[in-house]
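Thanks for coming. Please have a look at the structure on the screen before I start.

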Amino acid sequence: MVDANSAKKPSLNEQERELEQQAFIEFQKADYQTCYQSLQKLLKTQDSNPKVLHNRAVVEFYNSDLRRYDQFRSAMIQLTGLVGEIRTVEVRDRETCAAYVNQAIVLYHFKQPLAALKIMLAVMAHFDRLDDYLLRRAGIFTVHLLLDTNQPKKANRLLGMLQNRLGIQVYAILSDSDEDEPLIDNESRKDISELQFEEFRKEFRLILIRSNLLNGKKNMSIPLEDTSEYSILKGHQYFLGNDYQMAAKELSKQFTNEPVSVNKHGEDQNTILANNMGVIHFSVKHYALAARFFQQALLFDKSATEDTSTEKVEGSPLYCVGATKRPEILYNHGLALLHLQRPKEAFECMLIVLNSNHNNPRLWLRLAECCIMVHRQEKQTKNTNICHGSVGSGVHRKYILNPTPKTTVVDGDQSLAIPATTLEFGSLCLRNAVTLLEFHEPELIRQTENSDKTVAWDKVYEGVPCNPSLPMKLVSFNKLKCAVLAAYSYVLNTLGEYSLALKYAKQMLTIKDLPQSYLLLSHMYAAEALIMMNRPLEAIAYLEPKFITELAGDDFGMRASPHWNINSADAARSVMHYNRAVVSFLIGDYEQAKISMSSCNHPLVMPHLKMLNVYQEVLLGNYDKVQMLIRYDTPHLI
């Protein structure tokens, strides 16, 4: 509710001001029924005063135990005029700021933090003109929104402004002793009670620590309190310092405070602890344990939130509406399942997250990776034998070859936009990812160029928003772009879209400081696309010996995984020499093919090299040597 002293309308007479002040005192005492009656009396003469209408709506909302939020939201919309999708917000009258703040709070609990933040940034434009009573609440809420949307630098700047304006002493807020200097000077806290002041002090301390941690201050002092709030922050501090064992130990403590629950606090303590433990195990590559913790977190979240909407006829309190953490946990669970080679389950998790985070290019890439992994797993399970059977015996035995595998054709009535773990849907996901990257790239370059300039606190460089994951800075943006283009080129080659595959492989080669592994893939995918388009002379240019010999080994070692065999420079060079030999045979350059084959010395390509040797002798007409090679390698077939 707006303080009676915060904005006095000149149209109010002395009696009306006394009635307004009386209503405010009653509101502070939580006597909402009496407060409502006082405001009704005031409305008899001030029926068009927006501040009085706002205060009445607030009192009605509190009187319903914060349950009639639809009615409250409608009242705030009438006062602010913000309907539907919020694009731009301009708060022209300082006296209406409270209505904007309350509408932002409703949006925040409705899981619309970016829309709420747009409103709060417009309110903070009146920072110097807001009274302390409103500024304390609006300022802390804006910092919460900034941290929740991964903008810690702006949050830190705003906290600094609040400290200067409210006279907050940081050394006192982080101290364990209550006998230190007061947190806020007496002049700036005269409008709140001791209980309200203590609540504000606790909230400011927690959010200050959280902001400092997210801004990279890993060695800061955290009060030694065995409560869940401070233990989670301490665990986060250990996590940022890569001390995962101590982080897990901190989260496993017995807490002294009452358990945080959805019905009382709007959050569930067990859900948060289980999710954080999953993140810790994920960071040390214990993906099975991480997936188990994420499953527990989902169960805790379901148990904590499933009954909140049926408690009373009016529904649950506003702070319970957006209490679920399911999308964030499902995102984490999907990543863990993807690392466990369980792409279909991971796909189902990511698909749910897509409903609320469809502007995240990382999420579209993960969905495409699920589709690619399913395709590769199905390909490995298929029978790859070229021989279907045999007829006769001895020297008269003849082998029957398998027919050419049929190409799957999607029914024309079936939409490729229907989510499924197919390469066609994976291609659609990657196209969306490319579109989002192209949209964000100019803004990212502009932010990077202006990052060293002095700008206002709300214009600080934070990167491109990519919720629920971290924002994209230029380095992470380029890494993501490499991964998306490589995956897209692979999928397009597999689907037979060779011209587009060539386009994105070439686009990958234009990226500055391209990692060696992606350099290898871009050359291979470009050459493959050109070969399939019957342009081998152009394809061989991407397999030049000079490029092959320049491949370094460090990058392959760092990016190696149990499911990718090219984990060294020798393996990469052997693969490229083998591909060059194949292309040389296609263009009739047998001498160059022999040179390339002699350079293939890694076990990874040996089975393929044997078949290529047989093909070479067939081309040269050395049928006796072909039989000898077959007898040597496959005596059981003779």
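Predicted model: local features only at pLDDT ≥ 70, side-chain atom pairs only at ≥ 80, totals over all residues.

Two packed helices are described by the angle between their axes and the distance between the axes. So I will give those two values for each pair, then the residues.

The crossing here is left-handed.

Which residues of helix 8 meet helix 10? From helix 8 we have Pro 152, Ala 155, Asn 156, Leu 159, Leu 162, Gln 163 and Leu 166. Their partners in helix 10 include Phe 200, Phe 204, Ile 207 and Leu 208. By class, this contact has ten nonpolar residues, four polar ones and no charged ones.

Now the second pair: helix 17, residues 326-339, with helix 18, residues 343-354. The packing angle is about 155°, and the axes lie 8 Å apart. Helix 17 is therefore roughly antiparallel to helix 18. Helix 17 and helix 18 also cross in a left-handed way.

On the helix 17 side, the contact residues include Arg 326, Leu 330, Tyr 331, His 333 and Gly 334. On the helix 18 side, among them are Pro 343, Glu 345, Cys 349 and Met 350. The contact of helix 17 with helix 18 counts twelve nonpolar, two polar and two charged residues.

That is what I have on these two pairs.

Methods. Residues numbered from 1 in each chain as written. Heavy atoms only, no water. Axes fitted to C-alpha atoms, helices over the stretch in contact; angles between N-to-C directions. Helix = DSSP H or I, 4+ residues; strand = E, 2+ residues; numbered from the N terminus. Parallel < 35°, antiparallel > 145°, perpendicular 65-115°, else oblique. Left-handed = near helix turned anticlockwise from the far one by under 90°. Contact = heavy atoms within 4.5 Å. Nonpolar A, V, L, I, M, F, W, Y, C, P; charged D, E, K, R; others polar.
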